Amino acid sequence: MGENNKGNLHYLPPGFRFYPTDEELVVHFLHRKASLLPCHPDVIPDLDLLTFDPWDLNGKALGEGNQWYFFSRKTPERLTPNGCWKAVGIEEPVVSSASNKRVGMKKYFVFHLVGEAAAADVQTNWVMHEYRLSDAAAASTSRSSKRRPHPDYSKWVLCRVYEHNSDNDDDGGNELSCLDEIFLSLDDLDEISFPEPHALKKSYI
């Protein structure tokens, strides 16, 4: 999957910083992907979430600072060669700033080492935000795609993966450290509802 995207990963304009908001990820990237519309620049690749452990994403997903972005197919299980992504908290709505309507959903995951990679289930510092279209948006793109000889791209999700490292809190402008501290300080995260991180800014030359 995504062989046609890999050549685009290193062709961002000089000085470009890829720090999109949740709304921008859903509206300008995931929605266009589901609607089979071109996205310029076409920099987020298609990857199989089940194929890669998070530390293998460097050089394959779109990297910015200590964060990696990629599209993947929806899957009920999120097992990788050496572990699994476990959901924490509940899904949160992603709302359009222009219309105040729900355009997508966001869910949090933490990576655990399991099986031969660890003697027991071990929680790591790797965190994933998984974005999907809201049910109404997915239904709309699905109806549109049925008129074309293409797969149902409404089944895609967009993933943002990063590793928390307290020694590198100022690296890459990552402003999600308050959530990271929750992930790393508590053992039972199933009932936590997470606040929406404030918008991250783009900077251009």
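In what order do the elements of the protein run from the N terminus on? The order is α-β-β-β-β-β-β-α-β-α, and the secondary structure comes to 3 helices and 7 strands. Helices (H or I, at least four residues) and strands (E, at least two) are DSSP runs, numbered from the N terminus. The structure is a predicted model, in which local features need pLDDT of at least 70 and side-chain atom pairs count only at pLDDT 80 or more, while totals for chains, interfaces and linings use all residues. Residues are numbered from 1 along each chain as its sequence is written, and side-chain values use heavy atoms, with hydrogens and water left out.

Of the 205 residues in the protein, 46% are buried. Here buried means under 20% relative accessible area, exposed means over 50%, and partly exposed lies in between (1.4 Å probe, protein chains only).

Helix H1 spans residues 22–34, and its buried residues are Asp 22, Leu 25, Val 26, Phe 29, Leu 30, Lys 33 and Ala 34. These residues lie on the same side of H1, because they cover an arc of only 130 degrees around the axis; the arc is that of the directions from the helix axis to the C-beta atoms. An α-helix has 3.6 residues a turn, so residues three or four places apart point the same way.

The largest nonpolar core contains 19 residues, and those with the most contacts inside it are Phe 18, Phe 29, Ile 44 and Leu 158. Two or more residues of this core come from each of H1, strand S2 (67–73), strand S6 (122–133) and strand S7 (156–163). H1 gives the most, with 5 residues. A nonpolar core is defined as a set of buried Ala, Val, Leu, Ile, Met, Phe, Trp, Tyr and Cys residues joined through side-chain atoms within 4.5 Å.

Leu 36, which follows H1, has a positive phi of about 60 degrees although it is not a glycine. Leu 36 is placed in the loop between H1 and strand S1 (62–64) and is partly exposed, at a relative accessible area of 23%. Asn 100 likewise has a positive phi of about 60 degrees without being a glycine. The loop that holds Asn 100 runs between strand S4 (83–95) and strand S5 (102–113), and Asn 100 is exposed, with a relative accessible area of 65%.

Gly 104 belongs to strand S5 and is buried, with a relative accessible area of 0%; its C-alpha atom is separated by 6.0 Å from that of Pro 93, 11 residues apart along the chain. Gly 89 belongs to strand S4 and counts as buried at 14% relative accessibility. The C-alpha atoms of Gly 89 and Phe 109 are separated by 8.6 Å, with the two residues 20 apart along the chain. Trp 85 is also placed in strand S4 and is buried at 7% relative accessibility. Trp 85 and Met 128 are 43 residues apart in sequence and 8.0 Å apart in space, C-alpha to C-alpha.

Trp 85 also takes part in the lining of a cavity. On a 1 Å grid over the protein atoms alone, a cavity is a set of points where a 1.4 Å probe fits but cannot get out, and lining residues have an atom within 4 Å of a point. Grid points are joined across faces, edges and corners, and a volume is the space filled by probe spheres set on the points. The count comes to 2 cavities of 30 Å³ or more, and the second largest cavity holds about 50 Å³ of space. The second largest cavity is lined by Leu 47, Asp 48, Leu 49, Phe 52, Asp 53, Pro 54, Leu 57, Phe 70, Trp 85 and Val 161. This lining divides into 8 nonpolar, no polar and 2 charged residues, where Ala, Val, Leu, Ile, Met, Phe, Trp, Tyr, Cys and Pro count as nonpolar, Asp, Glu, Lys and Arg as charged, and the others, Gly among them, as polar. Leu 57 lies in the loop between H1 and S1 and is buried at 3% relative accessibility. The C-alpha atoms of Leu 57 and Leu 47, 10 residues apart along the chain, are separated by 9.3 Å.

A search of the whole structure finds 0 disulfides, a disulfide being a pair of cysteine sulfur atoms within 2.5 Å. Cys 84 is buried, at a relative accessible area of 10%, and Cys 159 is buried at 0%.

Notes. 1 Å grid on protein atoms, 1.4 Å probe; cavity = no way out; pocket = protein on both sides within 12 Å on 5 of 7 lines; lining within 4 Å.
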